[in-house]
Amino acid sequence: MQLLGFLVFLGVAAAEDGLKGWLRYAPLTCSDRCHSNLPSGIVTFNTTTTSPVYVAGTELQNGLQGIYKKNVQVTHKKCNTASSVVVGTLDQYRQACGAVSGIPDLEEDGFWLSTKGSNVQILGQNERGALYGTFEYLSMLAQGNFSKVAYASNPSAPIRWVNQWDNMDGSIERGYGGPSIFFKNGQIVQDLTRVTEYARLLASIKINAVVINNVNANATLLSPTNLEGVARVADVFRPYGIQVGLSLNFASPQTFGGLGTFDPLDASVIEWWSNITAQVYERVPDMAGYLVKADSEGQPGPQTYNRTLADAANLFAKGVQPYGGIVMYRAFVYDHHLNETNWRDDRANAAVEFFKHLDGEFEDNVVIQIKYGPIDFQVREPVSPLFANLVNTSMAIELQVTQEYLGQQSHLVYVAPLWKEILNFDLRIDQKPSLVSDVVTGKRFKRKLGGSAAVVNVGTNSTWLGSHMSMSNLYAYGRLAWNPSDDAEEILQDWTRLTFGLNQKVLDTITRISMDSWPVYEQYSGNLGIQTLTDIIYTHYGPSPASQDNNGWGQWTRADQTSIGMDRTVSNGTRFSGQYPKEIAAMYEDVETTPEELLLWFHHVNYTHRLSSGKTVIQHFYDSHYTGAQRAQGFLDQWEALQGKVDPERYEHVRRFLDYQTGHSIIWRDAINNFYYNLSGIPDEGQRVDHHPWCIEAESMKLEGYKTYDVTPFETASGAVAIVTTSNSTAGTASTKIQFPSGTYDLAVNYYDLYGGKSQWKVYLNDRPIGQWVGNSEETLSHTPSIYLDGHSATRVKFRKIKVKRGDTLKIIGMPDGTEPAPLDYVALLPAGTLD
Ligand code: GCU
């Protein structure tokens, strides 16, 4: 991107609470020359005042006013275009202004943007396209980019959807940005202001449909009152070119309709659904379609009646077909009662086993929605082999913007580089180039339908997702859905300029830490393809490697005393690798040719197995966790160098999150390393694991009003033991005489911040207060809190540059609150530059 030299200063908008996302239209100050590049009129060819082209006119007006303080009038339908910006569909333009030449063919939703002539032309194939072009032009203006461009832009695929996992009671499954903007107390909310704002954000990244309710669907959404509510929501999205879709509960005919069955081939069931569909379309004539999760994680489905998944999908497909709707049928079908003692059992096999033989049996308006990997949004997975096994069926890739397994927005993880690896993967179907992106968009097998869906889960929090930085993921999702070959870093930089302004240092810093964030998270959470070693039984957040195994969920690591990894080979394992096309299958079958980042995904090896670096697997584990945590510390340092360059509100918010992440990355590091050290008994060559010279265990301190507590899982407490207050209402004191040499130290205190109370801690050095904090992260961060002392609640607070003399008394007083007994794990006194 070319930034012109006459841009002299960038302003910072007033209330930076995140509500406007990347559409802030924050003021840029520029010289007169800059103004001469701005249009002095806006002409729109909209048909109504609720159409996307009308919205485009308003956006342009607001944008020019906000960014350049230029007041510009909108006129409608007049072909008086000199030095104006002209917005409409190609047809509308032709009607008003006559023939137009030089514009390449536009596909549905595509647009032409030209800033070259005497006016700016934004012409869509349809009104939606015209709005997309408008947002693209505004994005240039907001980034101070006045380049002369003239190009057509077409979508890679027609399906560019988002899914919200919102429940009717207002909660959001795997949502970290507060309660639902759609639902409350079993109904659609009255005030839809936030829905309008969401529509605006989504339209600006070219999203064309939103499924508003959880895939674990509640049938009461289908009541007449609630369908009226859905119609109101659809009315809000429509002017932004966004259609609404609904998740269905497969058993609705029985549980909600009162029928004796929900058999998809039963005539009464077919009639019931057809009646419901008619009611839906009566209220929402442009409803996008249905999303169906069935026979999955306890959800009802066709298997109850020995019907196929195609029987189920086709039931809905035939229902919505006359209205132009589609059915997104999720491939996330698996048995969650698998048996780990069976070496051949493998959840990863499920999708291909369930769907491959049905290829060609789905109606044309069925799209199989497939998670990018065979398990579940893990930090590293191979691409789902189902993409290579459906040739006569339309598909969409399912991504997750909400960071369910990736730090739940309390950790910075920019996910676009992960998505790019998946989208760019060449499956070599029939030994021909077969990028996942080309398969899902429908290009590879010439399917009309295809594209992507992302689970987003914004909530009422003003940051939408729970943290400012996580919005880069939503922005990137839209960009990649439109054009999967866009570059992850360039996307990020556009987002950064739009969100934080044009300061080069801010741009460079956010670029660096965001681009590092996925690899770093992988290093401290789980590497070599073992998955994110998070707790899969409870919150999916903090470390708990043991939770992966010895249960039916099938996210196994098969770690024992000597070895680790899933053997997914055809020769000796679960045969999963054989689900890929020949060349890929051969690569994964052989331990030598399997990329090391997926080694333990495909192979079961000894901890002493040597990697190409010469390191053993276990040593690589230890080292990676140390490197990852070390790199995460750098995020905070880099951010702090931006003080004064970012508005105080967002500076402090991001600082708080990164500060927390630096601490939690250490908790991850130590938990994972302790766990595998304990299991394998193989010491760390660097003598770091289980060896913390600067650490003082809380349980070794003098305790008054505190008692020891055995923490589960053991690896989430140093020495497996923490301390908690003996009563719920009286303070406890832990004190110790410092035996370290006199000097200046950073003091780290590891404690547990539980849901259920807001304990307060105070630290003293010889009765002089040196720091205090409150256990209120359930309000200040975004991840799911825990009611236990564990890897989710384990937290670190740091006080810097404390002068300490040998023999000084360090004392911590913890005041419990509610059910939170002011728990403490250990303190570490860290000489400058030392990381324990
Ligand atoms: C994950 C997630 C669930 C969700 C499911 C799905 O397992 O944890 O909350 O319902 O995916 O995608 O259906």
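This is a predicted model: local features need pLDDT of at least 70, side-chain atom pairs count only at pLDDT 80 or more; totals for chains, interfaces and linings use all residues.
Local features were considered at pLDDT of at least 70 and side-chain atom pairs only at pLDDT 80 or more, whereas totals for chains, interfaces and linings use all residues. Residues are numbered from 1 along each chain as its sequence is written, and side-chain values use heavy atoms, with hydrogens and water left out.

The side chain of E173 places an N or O atom 2.4 Å from a ligand oxygen. For K371 the corresponding distance to an oxygen atom of the ligand is 2.7 Å, and a polar side-chain atom of N216 is found 3.0 Å from a ligand oxygen. The ligand taken alone exposes 320 Å², of which the protein buries 97%, with accessible areas computed by the Shrake-Rupley method and a 1.4 Å probe.

An unreviewed UniProt entry lists E297, D376 and E404 under "active site"; such annotations may be inferred rather than shown by experiment. D376 lies in the loop between β16 (366–371) and β17 (394–400), where helices (H or I, at least four residues) and strands (E, at least two) are DSSP runs numbered from the N terminus. D376 counts as buried because its relative accessibility is 5%; the term means under 20% relative accessible area, exposed means over 50%, and partly exposed is in between (1.4 Å probe, protein chains only). Leaving aside residues up to four places away in sequence, D376 touches F332, R347, K371, E381, Y405 and Q555, contact meaning heavy atoms within 4.5 Å. E404 occupies the loop between β17 and α11 (416–423) and, at 3% relative accessibility, is likewise buried. Its contacts, with residues up to four places away again not counted, are W165, R174, Y176, F377 and H540.

The unreviewed UniProt entry also lists residues 466–688 as "domain: Glycosyl hydrolase family 67 C-terminal". Over this range the chain is 52% helix and 2% strand, and the end C-alpha atoms are 35 Å apart.

Most residues other than glycine have a negative phi, and most peptide bonds are trans. The peptide bond from T712 to P713 is cis, with omega near -5 degrees, and P713 lies in the loop between β23 (706–710) and β24 (721–725). Positive phi values occur at K446, near 50 degrees, and at Q531, near 90 degrees. K446 belongs to the loop between α12 (436–440) and β18 (451–455) and is exposed, with a relative accessible area of 72%. Q531, in the loop between α15 (504–525) and β19 (563–564), is buried, with a relative accessible area of 4%.

Key
A polar contact is a pair of N or O atoms within 3.5 Å; within protein, one must be able to donate a hydrogen and the other to accept it, and residues adjacent in sequence count only if both atoms are side-chain atoms.
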